[in-house]
Amino acid sequence: LAILILLPKGATVYILGGPVALNSGIDAELQNLGFNTQRISGDTQYGTAVAIAQAMGNPSTVFEATGTSFADALSAVPAAIATGGAILLTNGSTQNSETAAYLQAHPPKNRYAIGGPQAAAGADPSATPVYGADLYGTSAAVASQFFPKPANLGFATGNGFADALGGGPFMGVAGTVGPMLLVAPNAPLPQSIANYVSATKSSVTQAFLFGGAGAVGDDVVQAVEAIG
């Protein structure tokens, strides 16, 4: 298991989600390998997000993103890490009751809605809206807002969640901090992404692409390299 390489025995592994999402046998298996486990969950994905925010100590910065699709939340991950913020979920353009109750009980100092009027910005008009015309534009808008002069860029397909989910925390680690930019599987680059890459090329020293050629084609790599 990769976790045996990444973590020393005795370290804590956080299991996010209830037994329907992640079978309770996972806890026992990890404990048998010598790890401590802490499961954080709610009755739904919305409740789990709230439980995670509570476990973080109710951060003063909150990012809201729709829980009915994955792209906006994934674009927010590096920014949330960089600001020490939590990600809460809305039910599309309608505020979820668990999220609303948490925000009323723990009003954050900084509150961002990642996604437009049909997504989180519609659910919470009081939050600072950060979005573009589509999922790629929202990814670029988050990058522009929180990483105006990045040293690092991350790229992953916007057609699936797995690669960006795995790469998001990497883009929040010291030494590789930077935005997670969502792209199509093949060139050309979405114009919003191309514009951001062009505007920041003077500060960028390295870029990371998450996923194989089937997820993000070599022509996408070439398009990024051609910009600078």
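This is a predicted model: local features need pLDDT of at least 70, side-chain atom pairs count only at pLDDT 80 or more; totals for chains, interfaces and linings use all residues.

## Asking what the labels rest on

Tutor: Let's start with strand β1, residues 12–16, where the side chains alternate.

Student: Which strands form the open sheet, and in what order?
Tutor: The order is β8-β7-β9, with parallel pairing. β8 and β9 (206–209) are at the edges because each has a single partner strand, so one side of each has no neighbour in the sheet. On average, neighbouring strands here are turned by 25° against each other, direction ignored.

Student: How do you know that β7 and β8 pair?
Tutor: The cut-off is at least two bridges, and 4 bridges join these parallel strands, so they count as a pair. Across that pairing, phenylalanine 155 stands opposite leucine 181 in β8.

Student: Which residues touch the most other members of the largest nonpolar core?
Tutor: Phe63, Ile114, Phe155, Leu181 and Ile193, out of 38 residues in that core. Several elements each supply at least two residues, among them β3 (61–66), α4 (71–83), β5 (110–114) and α7 (135–146). There's also a second, separate core of 10 residues, including Tyr46, Ala53, Val62 and Leu103.

Student: What does leucine 181 touch?
Tutor: Leaving out residues up to four places away in sequence, leucine 181 touches Ser139, Ala143, Leu153, Gly154, Phe155, Ala156, Ile193, Tyr196 and Val197.

Student: Why is the pair of phenylalanine 63 and tyrosine 112 called stacked?
Tutor: Ring centres must lie within 6.5 Å to pair, and planes under 30 degrees apart count as stacked. Here the centres are 5.4 Å apart and the planes are at 25°, so both conditions hold and the pair is stacked. Phenylalanine 63 is in strand β3 and tyrosine 112 in strand β5, 49 residues apart, so the pair links distant parts of the chain.

Student: Then what makes the pair of tyrosine 112 and phenylalanine 146 edge-to-face?
Tutor: For that label the planes must be over 60 degrees apart. These two have 80° between the planes and 5.0 Å centre to centre, so the pair is edge-to-face. Phenylalanine 146 belongs to helix α7, 34 residues from tyrosine 112. Ring pairs link Phe63, Tyr112 and Phe146 into a cluster, and the structure holds 6 aromatic pairs.

Student: How do you know whether tyrosine 112 and phenylalanine 146 are buried or exposed?
Tutor: Buried means under 20% relative accessible area. Tyrosine 112 has 15%, so it is buried. Phenylalanine 146 has 18%, so phenylalanine 146 counts as buried too.

Student: Where does glutamate 64 fall, buried or exposed?
Tutor: Its relative accessible area is 0%, which is under 20%, so glutamate 64 is buried. Glutamate 64 is found in strand β3. Its contacts, leaving aside neighbours within four places in sequence, include Leu88, Thr90, Arg111, Tyr112 and Asp124.

Student: Why is asparagine 58 called partly exposed?
Tutor: Buried ends at 20% and exposed starts over 50%, with partly exposed in between. Asparagine 58 has a relative accessible area of 27%, so it falls in that middle range. The place of asparagine 58 is the loop between α3 (45–55) and β3.

Student: What stands out about the phi of asparagine 58?
Tutor: Phi is near 60°, a positive value in a residue other than glycine. Most residues other than glycine have a negative phi, and most peptide bonds are trans.

Student: Which peptide bond is cis, then?
Tutor: The bond from alanine 187 to proline 188 is cis, with omega near 5°. Proline 188 lies in the loop between β8 and α9.

Methods
Residues are numbered from 1 along each chain as its sequence is written. Side-chain values use heavy atoms; hydrogens and water are left out. A nonpolar core is a set of buried Ala, Val, Leu, Ile, Met, Phe, Trp, Tyr and Cys residues joined through side-chain atoms within 4.5 Å. Buried means under 20% relative accessible area, exposed over 50%, partly exposed in between (1.4 Å probe, protein chains only). Contact means heavy atoms within 4.5 Å. Axes are lines fitted to C-alpha atoms, for helices over the stretch in contact, and angles run from 0 to 180 degrees between N-to-C directions.
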